[in-house]
Amino acid sequence: MALIEVNHLVKNFKVAEKEKGLTGALKSVVSRKTKIVKAVNDISFTIREGEVVAYIGPNGAGKSTTVKMLSGILTPTSGNILIDGLSPQKNRKQVVKNLGVVFGQRSQLNWDLRLGETFELLKRIYQIDNAKYRQNLETMNEILEIDTIINTPVRQLSLGQRMRGDLAAAMLHSPPILFLDEPTIGLDVEAKYSIRKFIKEVNSSKKTTIILTTHDLGDIQELCSRLIIINKGVIIEDGSLNDLIDRIAPYRQLIVDFYKEHSDITHPLAEVVEKEGARIVFRFEKANITASRLIEDISKKMRIKDVSLNEAKIEDIIRAVYKK
Amino acid sequence: MKPYLYIAKTKVLSALAYRFDVISSIAIQCIVVIATSYFWVAVYGDRQSALGVTREQMLTYTIMSALLACIFTANVENRVIQSVRKGNVALDMLKPVNVFGIYLAEDLGAIAIALCQNALPLLLISCVLIQVPTPSSVVNFLLFLFSVSVSYLINWLITACFSMLAFFVISIGPLHQTKNVLIRILSGSIIPLWFFPESLQRVLSFLPFVYIYQLPLSIYIGKLGFSEILTQTGLQMVWLLIVYGVFTLIRKKAFSNVLIQGG
Amino acid sequence: MISSLKHHFLVAAHLIKMSIQRTLEYPVELIGWLFANPLQFVLGIATIKFVIAEFGTLNGWTFGELAFLYGLAVISHGLSVIFFVQTWFMGSAMLEGEFDILMLRPMNVLFQFFFRFFYLIGITDLIPGIVIFIYGCSQIHLVWSFINILMLISVLIGATLIRGAVFLFTGSLAFWTKSRNSFLFLNFAIFDQTTKYPLSIYPRVIQMIFTFLIPLGFIGFYPASDFLDKGNIFNSSGTMPWVTLVVGFFVFWIVTRIFRRGLRKYESAGT
């Protein structure tokens, strides 16, 4: 059952073209030349209930534009969006009741007052009844430790604390769908950990559907079963992370430390990529041979002191994808 | 020569970017001048003169007052406020150059721009819609110019003093407005002080504000006799010294404050 | 319907509460304005007094009558500060994504925006206005009859709506210009010159503009001229206070439509 449906979505922006220098500035006083920028150029995807999807791409790829259209803030140039059967443009208030959105760079919390005041406001706006309100706050306290910051004025919160506050605020009305736009940006390790824990918890216990735009590879690895990669307004990959790894960089590295230097250890199914002193690094494809088999074969040729195994770096995979 | 041309070019470019602000400020000044002129025309009614000043003189007074306001803008307060906000006060104050000297030089340079950008259009519009503000005589005009230079400095120093209060005061919005209101009204820039009750006039003559607008303007419209001009201008210069003294005092205090608190 | 009204009422009440709390978080600001704002109006009315002392009347208006007009204008100014201050900075709000956040919530955007900033500091304008007005009333020996009070309330509501509409209009232009530039000071200048003095001192053309194009004349001049039984171009006799109320609602309604248009433009163009 597709909860979110995006069909041939297009978004064009008119951008003023300014020429350099004095003549350019004077010209622009008289006439404005505009050009069309295709921020989102015909994308389609569907997301089922309970999925946690990473929506990634280089800067300017069209991620934020897509999320804004999904949440009803921006109207598409063409194409349509259905969230639980409703259009966020035509039925904004209805759709938004079931959405929780967090923008990494912009907070919805009232800056001058304590965190709790914004919660009270949202309680009234979303018409959350007392029981559910208390229950949700309890859950926040457990995972995000909201009770430690609920009485602090928002302007005195650290970035990590403010992000926890924004997450809590977005979840207060128990929305079945969450859009998180760069939620871990600029956070320290501890804060990232608790945010990720929260996302995992909320997805497993409430089957919340989550779309996460992020640059953080840790986020992708920890949280997302599915990856949609967008670049220059077009979707270039859409599938599970493992599938992607298998297709683009289906290899692993075996680092072998011998007792002595050996220059002639080879294997028909593995490539030697590095040789330094008593260490040889082999690269092999998962499809061709398993790690344990490779270790067995090599140890037959020469005694092994120590091994370690490396997966392909996600970073490299994604960089390769962006280049396409 | 090239770098100067480049500077001029960037100035024009940024001026174009701010054209909205410029047009807006000219419009605002026009509105105030025109409205005040109609006020005087209406209030004079059929009377030819009041308290020794004719209606025409009053209109000239109003127009010239607005022109002076264009020129008297002192950016020094924005600079000080900005440097307090951004926190580089300590840096600025510890430079081996007189910081306020720099601000003054910049503001003097800005006068030229203000004259062309703001004062000139305002003057032209006033000539067309109200009347041509001719000075009462050439001599008066020259004396006016001299008096205006002193006024400018007095106004600048007072503004600088108030801006330094930003070091000691937390909320500057109300302070800024108070200063503007005080200067605008107590200097006779909108309503000349000769309409005020005698007692109030005497009190206000012990304040420097009168010498900023009303004195040069009175000279311009020919309200003062020659001996009066001499005494008043003399008093004006005394006030310049007093205000300069106060300015130096506050600056020393502000400086030591910065040293203690670290900007 | 009832539950919807109740919903909106509860949200509005809480937003107002939050705004008041916010103001009280910065008491120094409040105290500062408590000195600065009344000063401006006291000096303003004083200068009028001095001029009138010499000339007797302004276009047939005595000082008491002018104080009545002036006070009335300042009261509606104070009210517009309390209720409409957020419209003064719509360009900035838009560029900082305020409207995005409002659109993410299941309520009308203008409604949320309107109640977001109940600016209690506006009472520093309101109180001197009331004082000057009451002084003016005593000078003209106003009868505090029930009908007069009703008319005054009607005038004040209408006048505040007209002021708010002007600011909401110039603020909504930000949706098209996408800049922080507001007509704030221009608005203030125009309001100052047309609401505190009798409109009749200006030539016919200007009077027409501020009656039929931008109805600022209804903020103070026309209702005051009725209270004081002075003639005006409408030859109205006692109807002006009600006309002001109607004009206020009408103008405000038009501007909300413009706001909606602007919001839609914002939705299609982003920032």
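A salt bridge here is a side-chain nitrogen of Lys or Arg within 4 Å of a carboxyl oxygen of Asp or Glu. This is a predicted model, so local features need pLDDT of at least 70 and side-chain atom pairs count only at pLDDT 80 or more, while totals for chains, interfaces and linings use all residues. Residues are numbered from 1 along each chain as its sequence is written, chains are lettered from A and ligands numbered from 1 in the order in which they are written, and side-chain values use heavy atoms, with hydrogens and water left out.

**View 1. A salt bridge between chains A and C.** Here C:Glu98 and A:Arg106 pair up through their side chains, N to O at 2.9 Å.

**View 2. The interface of chain A and chain C.** Contact (heavy atoms within 4.5 Å) links 30 residues of chain A to 30 residues of chain C. The two chains bury about 2,800 Å² between them, with 58% coming from carbon and sulfur atoms; that's accessible area (1.4 Å probe) lost on being put together, summed over both parts. On the chain A side, A:Ile73, A:Arg106 and A:Ile125 lose the most area to chain C, together 22% of what that side buries.

View 3. A:Glu120 bridges to A:Arg124, with the closest N and O atoms 3.4 Å apart. Because they sit four residues apart in H4 (residues 115-125) of chain A, about one helical turn separates A:Glu120 and A:Arg124. Helices are DSSP runs (H or I, at least four residues), numbered from the N terminus.

**View 4. Helix H2 of chain B against helix H10 of chain C.** The axes of H2 (residues 19-44) of chain B and H10 (residues 184-195) of chain C come within 9 Å and cross at roughly 10°, which means that H2(B) is roughly parallel to H10(C). Axes are lines fitted to C-alpha atoms over the stretch in contact, and angles run from 0 to 180 degrees between N-to-C directions; under 35 degrees counts as roughly parallel, over 145 as roughly antiparallel. Among the residues in contact are B:Ile28 and B:Ile31 of H2(B) and C:Phe185 and C:Gln193 of H10(C).

**View 5. Helices H5 and H6 of chain A.** The axes of H5 (residues 130-144) and H6 (residues 159-171) of chain A come within 10 Å, crossing at roughly 150°. H5(A) and H6(A) are therefore roughly antiparallel.

How values were computed
Helices (H or I, at least four residues) and strands (E, at least two) are DSSP runs, numbered from the N terminus. Angles under 35 degrees count as roughly parallel, over 145 as roughly antiparallel, 65 to 115 as roughly perpendicular and the rest as oblique.
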